[in-house]
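Subject: Structure for your review

Hello,

Here is the structure I said I would pass on. Please load it first; my notes follow below it.

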Amino acid sequence: METREKIIIIGGGFAGLQLAKTLNNKNKKVILLDRVNHHMFQPLFYQVACGRIEPSNISFPFRKIFQQSRNTQFRLTEVKEIDPAHNKVITDEAEFTYDKLIIATGCKTNFFGNKDLEGKAFAMKNTQEAISIRNHVLMTFEKLIIEKSRSDDGNWNIVIVGSGPTGVELAGAFAEMKKEILPRDYPYMNFKHLKIILVSSTEKPLAVMSSEAQEKSEQYLKELGVDFLSGEYVTEYDGDKVYMKSGKQIPSNNVIWAAGVTGNVVEGFPEEKLIKNRYIVDRYNKVKGYDNIFAIGDIASMETPKYPQGHPQVANVAITQAKNLGKNLLKKNLSEWSEYEYHDKGSLATIGKHRAVVDLPFFKFQGFLAWYFWMFLHLMLILSVRNKLAIFFNWMWSYFNKDSSLRLIILPNKKNGTLQ
Ligand SMILES: Cc1cc2nc3c(=O)[nH]c(=O)nc-3n(C[C@H](O)[C@H](O)[C@H](O)COP(=O)(O)OP(=O)(O)OC[C@H]3O[C@@H](n4cnc5c(N)ncnc54)[C@H](O)[C@@H]3O)c2cc1C
């Protein structure tokens, strides 16, 4: 008979995976549930979308991570509902009971209820979506060359909506692709008319960073030839044209939506447990009103004197909340539990080669030193030595060759009329 406490973790992102690692080989039975079979390193999705690195370099199968574990099991399944009254998690395939439940389901792209945008623009919140962007953008050029369509009608424009780190990094990478790679891959095409357009509701890019970072990133985008449209709100997209609140219209078949996220809330909790689609938690990450249910990472909203609106939805918060909760769960007495406190270590973004901006708590810098710092930090954060080496090799290869050989178009196979 099982005597160990049974802990179910929903979601193996930065938070869920860190928690499972903290509890690994301890006296708890841990079951990790995720709808995908791998952990995803989201900060480098944009490099997959631009064909700079392989998806496998930033994806880590859970079964491999916990191959040697004595107490952790993984189940590939999507959680549909939580039944807190009966300590049960419900999926399409099965039900799982728990002693303690940890919700670490993160966020999904927020289209703010606009179904047209959701259906036609690309999101970049999982590996599959990053690969879809790569496929679609590359297919645009392949179609153009076959159909011999006009290259100056704007349909091939790449429009990125949202000028946070994801939007800025994508725009920089596509601008470099336009300059260095596309003319070599498609020598008979003229890329003069291809525009990389970054649409922003704010006046400057990277509004969450310092004014120095905002100024510099705007300058870098300009140097790379990105059209930065500030103070614009996208209202519609019909697959051919992007419509703005100001009346402006931009032709494009390639629209990437990087303008917001919202929590992956699982059914089963009353409305008052949530604020802005995040579970309200106390300083121990315990969900309001429950003793054995916790939420960590992007999906948790914890009010503290330093963060009255909740913490920023970034990887470091997810990881440190998971570490704190993991240590608490291993303590014998509740009286020994530690409250969570976030110490912001800063933020950074890169905008093409040799261009990055770094805001540390007591020091801000930009330029090529910042770019090396960005590369070093991301290499350190990537799981597994093999992947660190693979990414380092790919980066060095494209650094010296101004090229990469990862521009594969891999589309789903159609069999008997259905996708396989
Ligand atoms: C493109 C992009 C770039 C980013 N860049 C940075 C960056 O440079 N720096 C930074 O600090 N942060 C960055 N972030 C934010 C960072 O990735 C998140 O803050 C972090 O991933 C949050 O971790 P999490 O564990 O809460 O959620 P996630 O990492 O999103 O993990 C959630 C997990 O839950 C699973 N899941 C969700 N719902 C269910 C369900 N119902 N059933 C089963 N499984 C489920 C998902 O499959 C996923 O594995 C970026 C995010 C994106 C999308």
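Leaving aside neighbours within four places in sequence, Pro251 is in contact with Asp153, Gly154, Asn155, Asn157, Asp240 and Lys241. Pro251 belongs to strand E16, residues 249-251. Trp156 lies 95 residues from Pro251 in sequence, yet their C-alpha atoms are 8.0 Å apart in space. Please keep in mind throughout that this is a predicted model.

Domains

The protein is divided into domain 1 (5-109 + 262-336) and domain 2 (115-259). Their C-alpha centres lie 32 Å apart. At the contact between them, 17 residues of domain 1 meet 16 residues of domain 2.

Ligand

The shell holds 28 residues, and the closest are Ala15, Asp34, Gln42, Val79 and Asp298. By type, the shell divides into 12 nonpolar, 11 polar and five charged residues. Helix H1 (14-22) and helix H8 (315-329) each supply at least two of the shell residues.

- Asp34: an N or O atom of the side chain is 2.6 Å from an oxygen atom of the ligand.
- Gln42: an N or O atom of the side chain is 2.9 Å from an oxygen atom of the ligand.
- Phe14: a polar backbone atom is 3.1 Å from an oxygen atom of the ligand.

Taken alone, the ligand exposes 1000 Å², of which the protein buries 89%.

Asn264 sits in the loop between strand E18 (261-263) and strand E19 (274-275). With a relative accessible area of 12%, Asn264 is under the 20% limit and is therefore buried.

Asn110 is in the loop between strand E10 (107-109) and helix H4 (115-120). Its relative accessibility is 17%, so Asn110 counts as buried by the 20% limit. Not counting residues up to four places away in sequence, Asn110 touches Trp257, Gly260, Val261 and Thr262.

Backbone angles to check

Most residues other than glycine have a negative phi. Phe112 is not a glycine but has a positive phi of about 55°. Leu206, also not a glycine, has a positive phi of about 55°.

Which of these two is buried and which is exposed? Phe112, in the loop between E10 and H4, has a relative accessibility of 56%; this is over 50%, so Phe112 counts as exposed. Leu206, in the loop between strand E12 (196-199) and helix H7 (211-223), has a relative accessibility of 0% and therefore counts as buried.

Regards

Definitions and conventions:
Residues numbered from 1 in each chain as written. Predicted model: local features only at pLDDT ≥ 70, side-chain atom pairs only at ≥ 80, totals over all residues. Heavy atoms only, no water. Helix = DSSP H or I, 4+ residues; strand = E, 2+ residues; numbered from the N terminus. Buried < 20%, exposed > 50% of the residue type's maximum accessible area, 1.4 Å probe, protein only. Contact = heavy atoms within 4.5 Å. Near = heavy atom within 4 Å. Polar contact = N/O pair within 3.5 Å; in protein donor to acceptor, adjacent residues only side chain to side chain. Areas by Shrake-Rupley, 256 points an atom, 1.4 Å probe, with all protein chains shown as cover. Nonpolar A, V, L, I, M, F, W, Y, C, P; charged D, E, K, R; others polar. Domains from an automatic or database assignment.
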